[in-house]
Amino acid sequence: MKLFILVALFGLSLAQHNPHTKHGRTAIVHLFEWRWADIAAECERFLGPNGFGGVQISPPNEHIVLNSPWRPWWQRYQPIGYNLCSRSGSEGELRDMISRCNNVGVNIYVDAVINHMCGAGGGEGTHSSCGSWFNAGSRDFPSVPFTHSDFNDHKCRTGSGDIENYGDAHQVRDCRLVGLLDLALEKDYVRAKVTDFLNKLIDVGVAGFRVDACKHMWPGDLAVIYGRLHNLTTNWFPGGSRPFIFQEVIDLGGEPITSREYVHLGRVTEFKYGAKLGTVFKKWNGEKLFYTKTWGEGWGFMPNGSAVAFVDNHDNQRGHGAGGASIVTFWDSRLYKMAVGYMLAHPYGVTRVMSSFHWNRHIVNGKDQNDWMGPPSHGNGSTKSVPINPDQTCGDGWVCEHRWRQIKNMVIFRNVVNGQPHSNWWDNQSNQVAFGRGNRGFIVFNNDDWDLDVTLNTGMPGGTYCDVISGQKEGNRCTGEQINVGTDGWADFKISNRDEDPFVAIHAESKL
C-alpha cells in the first residue's frame, strides 16, 4: 500500500511538470503588471497568432495599496486576502481574460503568493485593492479569515522575527521574509484556505501556477497543498490534466536550501541560467560563447525536465533576487535580443520570455534608487492600458519585449524545431558559434569584435530561407536577409560585428 501511494504521488508530481501548452507551442511570456483586459486582447491579436503557449500573470488576489504616488510593483506581492480584485482588474475581468486566452490556445499561469500576507508594518485600515479592512499589527485579515494563530511568529527564533541568516534553513522557512507575515502552512486550516484559493482559479480555467517564494516554504507543506489541487477544467484541457507547477527557488549555490528539494513537486525556476548566460554574452570573467557547447545540464543546471529557463525576470532585472549586474535586460537591447534568441533556440527547459515596463532608473553606488517604481499609471494610481503603435511596438512606457520582431520570431523558431536534437555545432574558439536543431532550424551568433564570414553545415534541406532576425518571410519574399542552403546542407554566413543584430536564424517554415 505504501509503495502504491509513493508511485501515485510520483506520477502526480511528474504530471505537474507539464505546462499543457497547445498546438505545439513551447514558450511562456510574463506580461508583468498588465491589466486583465489588455492581456485578453493581446492573446487574441498577437500571442495566439504568433504561437505563444501561455502567459504568466501578476498575482490576481487582493493586495495592499500604498498611498499614491507610492504605488510600487511589489505591493502585488503583499496579499490582504484571496478575493480576486487587484490592480489588474476585477474578478469578472479576470474570468473573461482566462476564457478569451484559452479560446485562442493561450494558457494562463497565475503568480501565486501563498507564503505570506502583507508586511508586519502594513498598518490597519481598508487600504486593499478590494477595499477590505485588515490589521497587520494584530495579524487580523477577516476577508480570509486569518488571525494571529495562523502565522509563524511563535516558530521563528530570531530577535527581529525576520530571516537574519540564510545559512539556517529553519529561519528561511519559519521567519519573515523582509518583514512579510509568514503563514503557518503546516496548519490544516491555513492549507485549506490556500488550496481553496488555488482551486477557484483552476476551476475558472487557469493552467497552473508560478509559486512565489517556495524556498521560504517547507517542501512537505507544498506537497500537501499541491496534492489537494483539482484537475484542470475539461472545458479547455484533457481529462485528468494536473495543474502545471513552477516554483520560484533562488539557488545559485552556497546555501543549505537547494532547488533539488523541490523538483519532485513540479518544475523550478533555474536562476543560474540567466546569471550565467548574461556573464557569457557580456564576456565577463573570461567567459566565451563557445564554452556553451555543453549548455544546460553540462553547466550544472538542474535536469532539463525540471527547469523553467529565463534570461531575466521582474526581480533580477531590477537588481533583486539573483544574478546581480550579470543579468541582461531590455536596457541593453542588442545583447538582450541575442541572449533571448539563444535561449529560444536551445532545447533546455520550458522557456519564459519577459515583457516589462520602463521606469526612471537612478543608479547610486551601483544600486537603482527607483527599482520600486510600479507600472505606467494615471494620476489616481490606476494602471494604464497598453497602447499598440502602428509598428506593433507598445507605447506609454510599456516595453513589450515579446513584441520585438527578433524575439517573436524566435518564439516561432522554437515551436518549429520542437523535439529536434541540438546538432551541427560550430565555433571559432571564441564568441562566434552556430548550432542546428536537427533538420528544422539553424542559428549563428557573432558576439566577437570582428566580422564572421564562414561556410557551415546547417543540416537543413537545400533552398532559400528568410533570416527571421533581420526580417521574416512574408508571402513569397523575405523582408530581411536571405540565406541560400545548398543541396548538401551547407550555407555561407556573413555577420558583421557592427550589425544591429549580429545573429542569423532560419527554420523550416521560413523557406521560400
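Analyst: Phe 442 and Phe 493 are both buried. Buried means under 20% relative accessible area, exposed means over 50%, and partly exposed lies in between, using a 1.4 Å probe and protein chains only. The model is predicted, so local features need pLDDT of at least 70 and side-chain atom pairs count only at pLDDT 80 or more, while totals for chains, interfaces and linings use all residues. Residues are numbered from 1 along each chain as its sequence is written, and side-chain values use heavy atoms, with hydrogens and water left out.

Now the rings. A search of the whole structure gives 35 aromatic pairs. Rings of Phe, Tyr and Trp (its six-membered ring) pair if their centres lie within 6.5 Å. Planes under 30 degrees apart count as stacked, over 60 as edge-to-face, and the rest as tilted.

Take Phe 281 and Phe 445. Their centres are 6.1 Å apart, with 65° between the planes, and the pair is edge-to-face. This pair links distant parts of the chain, 164 residues apart. Phe 281 sits in helix α7 (residues 271–281), and Phe 445 in strand β17 (residues 441–446). Helices (H or I, at least four residues) and strands (E, at least two) are DSSP runs, numbered from the N terminus. Phe 281 and Phe 445 are both buried.

Back to Phe 442 and Phe 493. Their ring centres are 5.7 Å apart and their planes meet at 35°, so this pair is tilted. Phe 442 belongs to strand β17, and Phe 493 to strand β23 (residues 490–495). The two are 51 residues apart, and the pair links distant parts of the chain.

Some rings join into a cluster. Ring pairs link Tyr 273, Phe 281, Trp 295, Trp 299, Phe 301, Tyr 342, Tyr 348, Trp 425, Phe 435, Phe 445 and Phe 503. Phe 281 and Phe 445, the edge-to-face pair, are thus among the cluster's members.

Asn 285 lies in the loop between α7 and β11 (307–309). Asn 285 has a positive phi of about 55°, although it is not a glycine. Asn 285 is exposed, with a relative accessible area of 73%.

Gln 392 also has a positive phi, about 75°, and is not a glycine. Its place is the loop between β14 (367–368) and α9 (405–417). Gln 392 is partly exposed, with a relative accessible area of 40%.
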